[in-house]
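Me: Please show me the model, and then let us go through it by question and answer.

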Amino acid sequence: MKSKLRKKIVWITLLVAVAVCGVTACGINKKEKNVVVLENQQKEIEHILAIKKIDNIGNFRGVRWLENGNILGIKNAYASFEDKEACNICIYDVKTGEFKNLSYNQDKGDIWLSVLDITKDERYLLYDKLMGFRSYDQRRNLYVIDLKTGEEKKIEDLASATTTFVDEEKIIAAKGMKLYTYDVDGNKTEIKLPEEMVEKMKDYSRFNFEEDLKQREMSNGGPFDEETIQGIKEDYQYHKNNNEIMVINKSGDEIYVGTYNRITFAYNLKTNDYKELTEEEAKKVYHHKKNTQNIVRVEKNHEGEEEIWELDENGTHKRLIAKGNFHGRRITVSPDHTKGVYCMKGRMGEKNLFVYDFETGKSIKIFPQIIGNAVWNPSSNKFFMRIPMPTKDKNTHYITSIVTLN
């Protein structure tokens with residue numbers, strides 16, 4: 001039985017870009033629809049618009065920028081399950097608009113591919129394939145692609161969890177309550193965990209359904225309806241009967257593992273010692289956040305309203321960037337720390353996208369076709385956003401918008 005907690009596609013309202021003429025004395029050729037700008041007004045208009053262009057890439061879910069300026073992503077991602085084409089990992093060439101398939105997936109329908117990581121030299125790519133959208137069963141097949149030779153290798157079937165690349169070109173994955181290391185050729189070595197630690201990992205006596213429901217409602221920001229609660233109860237019972245490792249991370253000589261009972265352990269590879277992590281320590285394992293605390297900070301004012309603050313070199317308030325009802329990530333700062341992108345909801349629920357300039361302290365509203373969390377390129381002059389959108393044939397494909405700044 002498929003879970004009732006299947007992710008819901010939220011249909012978003014398309015925003016229309018409005019070009020205002022008169023003040024800037026611009027004229028529009030109706031046939032070619034090109035904006036004609038007087039030479040002495042070019043600088044002013046570039047400042048007002050803040051962007052050079054926006055390119056919308058249909059049927060593509062962008063994942064990350066590559067060093068050559070192209071985008072790694074997935075073609076046919078999150079399509080309607082009746083779609084004829086299989087989804088595949090690919091590279092989108094920003095200059096030519098062409099796609100190059102990297103994976104060889106032939107499975108169609110209820111399939112989800114995820115790019116997990118790529119090595120620093122961009123030689124090897126790790127991805128997984130999830131067969132079916134079941135929240136109570138997240139086992140996936142793991143693959144490595146050699147981007148130099150084009151060779152693809154399946155390195156594990158039905159893994160319950162995996163790390164990204166660690167120790168150069170290796171990963172750690174779990175099957176049930178066992179851990180293994182894999183190299184890019186698929187060679188597999190078991191990590192022997194202490195039996196006492198494994199028994200504690202299996203223990204479900206400290207995590208009841210009421211606690212599970214409470215934690216989920218706190219994360220959701222409010223109580224669930226009866227149908228959703230019934231789905232959560234089914235998930236809880238399945239996990240209790242089939243408890244296994246659901247998260248793995250590694251730092252130095254320590255491996256962090258968490259199971260569905262929400263108990264997390266640290267295991268030291270050198271000493272073979274282990275310890276149970278506190279709730280605060282476990283949060284750092286489950287939630288990795290980029291360190292932008294020395295640049296911006298999100299906090300609530302006395303009225304309970306969220307605010308984004310630019311910080312000075314001492315970590316104190318320098319300038320209020322925005323306050324109100326934010327959507328998605330509060331702000332995504334560019335790699336060179338000169339700009340930030342944030343989204344706010346308007347009074348009618350519309351989403352407004354802003355680019356903030358840390359040098360001038362000004363925010364410019366832009367009007368892309370889609371609005372989502374920004375992914376910056378290394379040069380900090382472009383970012384892309386992606387979101388599922390309905391198509392004319394009533395299917396659902398991802399659209400990726402690439403925003404090029406002035």
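Me: Strand 10 and strand 11 form a hairpin; which residue in the turn has a positive phi?
Reply: This is a predicted model, in which local features need pLDDT of at least 70, side-chain atom pairs count only at pLDDT 80 or more, and totals for chains, interfaces and linings use all residues. Residues are numbered from 1 along each chain as its sequence is written, and side-chain values use heavy atoms, with hydrogens and water left out. The hairpin of strand 10 and strand 11 has 5 residues between the strands, and the turn residue with a positive phi, about 85°, is Gly 150.

Me: Over how many bridges do strand 10 and strand 11 pair?
Reply: Strands here are DSSP runs of E with at least two residues, and helices are runs of H or I with at least four, numbered from the N terminus. Two strands pair if DSSP finds at least two bridges between them. In strand 11, Glu 156 is the bridge partner of Leu 142. Strand 10 and strand 11 (residues 152-159) are antiparallel, and the number of bridges is 5.

Me: In what order do the 4 strands of the open sheet lie?
Reply: Strands of a sheet pair through backbone hydrogen bonds, either parallel or antiparallel. In this open sheet of 4 strands the pairing is antiparallel, and the order is 4-5-6-7.

Me: Which are the edge strands of that sheet?
Reply: An edge strand pairs on one side only. Strand 7 is joined to strand 6 (residues 88-92) by 3 bridges, and Ile 91 stands opposite Lys 100 in strand 7. The edge strands are strand 4 (60-65) and strand 7 (99-101).

Me: Is Tyr 274 buried, partly exposed or exposed?
Reply: Buried means under 20% relative accessible area, exposed over 50%, and partly exposed in between, with a 1.4 Å probe and protein chains only. Tyr 274 lies in strand 19 (residues 274-276). Its relative accessibility is 22%, so Tyr 274 counts as partly exposed.

Me: How far apart are the atoms in the polar contact between the side chains of Tyr 274 and Glu 196?
Reply: A polar contact is a pair of N or O atoms within 3.5 Å; within protein, one must be able to donate a hydrogen and the other to accept it, and residues adjacent in sequence count only if both atoms are side-chain atoms. The side chain of Tyr 274 makes such a contact with the side chain of Lys 200 at 3.5 Å. With the side chain of Glu 196, the value is 2.8 Å.

Me: Which side chain makes a polar contact with the side chain of Glu 310?
Reply: Glu 310 is found in strand 21. At 4% relative accessibility, Glu 310 counts as buried. The polar contact of its side chain, at 2.6 Å, is with the side chain of Tyr 356.

Me: Why is the pair of Phe 209 and Tyr 236 called edge-to-face?
Reply: Rings of Phe, Tyr and Trp (its six-membered ring) pair if their centres lie within 6.5 Å; planes under 30 degrees apart count as stacked, over 60 as edge-to-face and the rest as tilted. Phe 209 is in helix 3 (residues 209-220) and Tyr 236 in helix 4 (residues 226-241), 27 residues apart. Phe 209 is buried at 13%, and Tyr 236 is buried at 7%. The ring centres are 5.9 Å apart, and the pair is edge-to-face because the planes stand at 65°.

Me: At what angle are the ring planes of Phe 326 and Tyr 342?
Reply: Phe 326 lies in the loop between strand 22 and strand 23 (332-333) and Tyr 342 in strand 24 (residues 339-345), so the pair ties together parts 16 residues apart in sequence. Phe 326 is buried at 6% relative accessibility, and Tyr 342 is buried at 3%. The ring centres are 6.3 Å apart, and the pair is edge-to-face because the planes are at 75°.
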